[in-house]
Amino acid sequence: FHFDAPDTHHPKVCVQTSTSAGLDQILPWLYYHKVVGVAHFLLFVEGKAAKPSVAGVLESIPGVKVVYRTKELEEQQARSRIWDETWLSGFFYKPCNYELFVKQSLNMEMAIVMARESGMDWIMHLDTDELLYPGGASEYSIRRLLADVPEDVDMVIFPNYVSMLLLLIMPARLLMHTVVINLHVCTLQESSVERDDIKDPFSEVSMFKKNYDHLPKDTYFGMYKEATRGNPNYFITYGNGKSAARIQDHLRPNGAHRWHNYAKSPNEIKLEEAAVLHYTYTKFSDLTSRRDRCGCKPTKEDVKRCFMLDFDRAAFIIASTASEEDMLRWYNERVVWNDKQLNLKLLRKGVLTRIYAPMAIVQGLRESGVFTSVIAAAVDNAKVGQKESVDRNSTDHDHEDEPRTSFVAANNARKILNVVEPAPAYRDKDGGASAAVPPLSPPGLDDARGEGLARW
């Protein structure tokens, strides 16, 4: 695998994320994106991701910048222009997903400046359960894909596919022979898991539900009930994809799914074949992990304060009130695709699709020892650093458990982008200025004959 392109290769693509995950999730996600041409990573870390045993490994990887959630960072973000704007104000001072949405937007705002200083051409926000799929490019490369975008385009939208749980584990060398089958099929897709005991989603999941944007309307609405299987929406989580933005003056986030510009309405295109693959709720433990991150009451009214999407609300309630046995039954009914006849029918109709390339790449990375090598090298470097620290007798034992800060906002003079009067960010059906683009569910049956498709 050739991870790092020469400095002369353009465009240079930066991926930014806000994460509290561990190395078991971050390393496959990060190195997969290195393989597909991402040059620079800005990782805003907290929780498990900010622990020295995790962040120390991430900091040792070329092209990776780790940003800790320190007091200095929070003070700098408290002075952000965003707090004086109206486009994000509807999400302020609310718990759980709303708080995360604001935090992601503030991190994206800082990432724009940092990416520009690093010489990047494009920036994209992804979560660590999402993989870019550069379908439609002349090579399996996000850099190649964006190089073909016309110069007057400011933003590229990647529809999402959602993974579907299934059992398919093959040696990477065999999977490589199947990669070309699905190179030209997808936008944002949602994973469709076929087992309830998935441990490594990127290596075990290959079935995805296609986005509305990549299906004929007759097929989408005709198969809607069978594709939803009793869930509130076609996708169990969001369906409006993610976007990449060309780095330029006045660029700003417009929520975690889109970018905007203070000086103009950006010229955007939506890709017909490339996608973001969303591995959502692929592990049974995802139910309880989301529950443990939120302190809301498990009632239908209170969860509306905490979660934007219907399935997240239902999942939180079941994880907070049911026994583990009942949770597992609910998970199999709502998330796991274990009806082989239904799967085959939806595959033939094109609602579901198989994509093997990410699985092959991640398995290949693991078999080649990339993940173990980077961890071992970081441990060795840490031992050397500890010895040097002891020799200098400069260790502060009162702060041994605090993360090492690689970005201290108060002591760094960051270039401030020039701004002018803001243009409307996102218009509603009446033409008025609306809020930042939140995670949106795909169109439902009520939208088939109404005006609900306008936002798509």
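1. Start with Tyr93. In this predicted model, Tyr93 is exposed, with a relative accessible area of 75%. The residue sits in the loop between helix H3 (71-78) and helix H4 (97-117). Its phi is positive, about 60 degrees, although Tyr93 is not a glycine.

2. Arg229 also deserves a look at its backbone. This residue is not a glycine, yet its phi is positive, at about 55 degrees. Arg229 lies in the loop between H9 and E10.

3. Check the peptide bond between His10 and Pro11. That bond is cis, with omega about 0 degrees. Pro11 belongs to the segment before strand E1 (13-19).

4. Now the chain as a whole. The protein chain holds 16 helices and 15 strands. Of its 456 residues, 54% count as buried. Among contacts with a separation of 6 or more, 79% are between residues 24 or more positions apart. The chain exposes about 20,700 Å², and carbon and sulfur atoms supply 49% of that area.

5. In soluble globular proteins, nonpolar side chains tend to be buried together. Here the largest nonpolar core has 75 residues, of which Leu27, Trp29, Tyr31, Leu58, Phe158 and Leu287 touch the most other members. Helix H1 (residues 23-35) provides the largest share of this core, seven residues. Leaving aside residues up to four places away in sequence, Leu27 touches Val57, Leu58, Ile61, Phe371, Val374 and Ile375. There is also a second, separate core of 18 residues, including Met110, Ala111, Ala115 and Ile247.

6. Is Ile123 buried or exposed? Ile123 counts as buried because its relative accessibility is 0%, and the cut-off for buried is under 20%. The residue is part of strand E4 (residues 122-125). Not counting residues up to four places away in sequence, Ile123 touches Cys14, Ala111, Ile112, Ala115, Ser243, Ala244, Ala245, Ile247, Leu251 and Trp259. Ile123 and Met155 are 32 residues apart in sequence; their C-alpha atoms are 9.6 Å apart in space.

7. On to empty space. Rolling a probe the size of a water molecule over the atoms shows where such space is left. How many cavities of 30 Å³ or more does a search of the whole structure find? The search finds three.

8. The largest cavity has a volume of about 80 Å³. It is lined by 17 residues, and the closest to its centre are Glu190, Ile236, Arg334, Val335 and Trp337. Strand E7 (160-165), strand E8 (189-193) and helix H9 (224-228) each give two or more residues to the lining. E8 gives the most, with four residues. By class, the lining of the largest cavity has seven nonpolar, six polar and four charged residues.

9. The second largest cavity holds about 40 Å³ of space. Its lining includes Asp154, Met155, Ala245, Arg246, Gln248 and Leu251. Trp259, His260, Asn261, Lys264 and Pro266 line this cavity too. Strand E10 (242-246) and strand E12 (259-261) each supply at least two lining residues. E12 gives the most, with three residues. The lining of the second largest cavity divides into five nonpolar, three polar and three charged residues.

Conventions. Residues are numbered from 1 along each chain as its sequence is written. This is a predicted model: local features need pLDDT of at least 70, side-chain atom pairs count only at pLDDT 80 or more; totals for chains, interfaces and linings use all residues. Side-chain values use heavy atoms; hydrogens and water are left out. On a 1 Å grid over the protein atoms alone, a cavity is a set of points where a 1.4 Å probe fits but cannot get out, and a pocket is an open set with protein on both sides within 12 Å along at least five of seven lines; lining residues have an atom within 4 Å of a point. Grid points are joined across faces, edges and corners, and a volume is the space filled by probe spheres set on the points. Ala, Val, Leu, Ile, Met, Phe, Trp, Tyr, Cys and Pro count as nonpolar, Asp, Glu, Lys and Arg as charged, and the others, Gly among them, as polar. Buried means under 20% relative accessible area, exposed over 50%, partly exposed in between (1.4 Å probe, protein chains only). Contact means heavy atoms within 4.5 Å. Accessible areas come from the Shrake-Rupley method with a 1.4 Å probe; for residues, only the protein chains shown count as cover. A nonpolar core is a set of buried Ala, Val, Leu, Ile, Met, Phe, Trp, Tyr and Cys residues joined through side-chain atoms within 4.5 Å.
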